[in-house]
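Hi there,

Here is the structure I promised to pass on to you. Have a look at it first, and then read my notes below.

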Amino acid sequence: MEKSKRPFLKSKRSFRRRLPPIGSGDRIDYRNMSLISRFISEQGKILSRRVNRLTLKQQRLITIAIKQARILSSLPFLNNEKQFERTESTPRTTGPRTRNKWAHASIE
């Protein structure tokens, strides 16, 4: 009876290495709007480093460039276009209110 030496060997998955989002020729600058706009969410928020797949240095430079562009009015601070699309006012209905179980606890 011969046991295999590695019974719990995971199968190797092939994956395609993703290209870096910023090329070596790209200048990270507040004027480079095509580059900066890739790192901003729909709401106008700066995306995290994990989402952007940037290095720490690149993320810092992108953040500074975005903030400079906002101050110079090249970029909006917030993007609230979705709010203004909803023209009809619908009453908000919430379910039955439940009290916090700690709210009525008293010291006896």
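A quick definition to begin with: a residue is buried when its relative accessible area is under 20%, exposed when over 50%, and partly exposed in between (1.4 Å probe, protein chains only). This is a predicted model, in which local features need pLDDT of at least 70 and side-chain atom pairs count only at pLDDT 80 or more, while totals for chains, interfaces and linings use all residues. Residues are numbered from 1 along each chain as its sequence is written, and side-chain values use heavy atoms, with hydrogens and water left out.

Helices here are DSSP runs (H or I, at least four residues), numbered from the N terminus. Serine 73 sits in the loop between H3 and helix H4 (81-85). With a relative accessible area of 64%, serine 73 is exposed. Its phi is positive, about 65°, although it is not a glycine. Arginine 53, in the loop between helix H2 (49-52) and helix H3 (56-71), also has a positive phi, near 60°. It counts as partly exposed because its relative accessibility is 39%.

Best wishes

Methods: Helix = DSSP H or I, 4+ residues; strand = E, 2+ residues; numbered from the N terminus.
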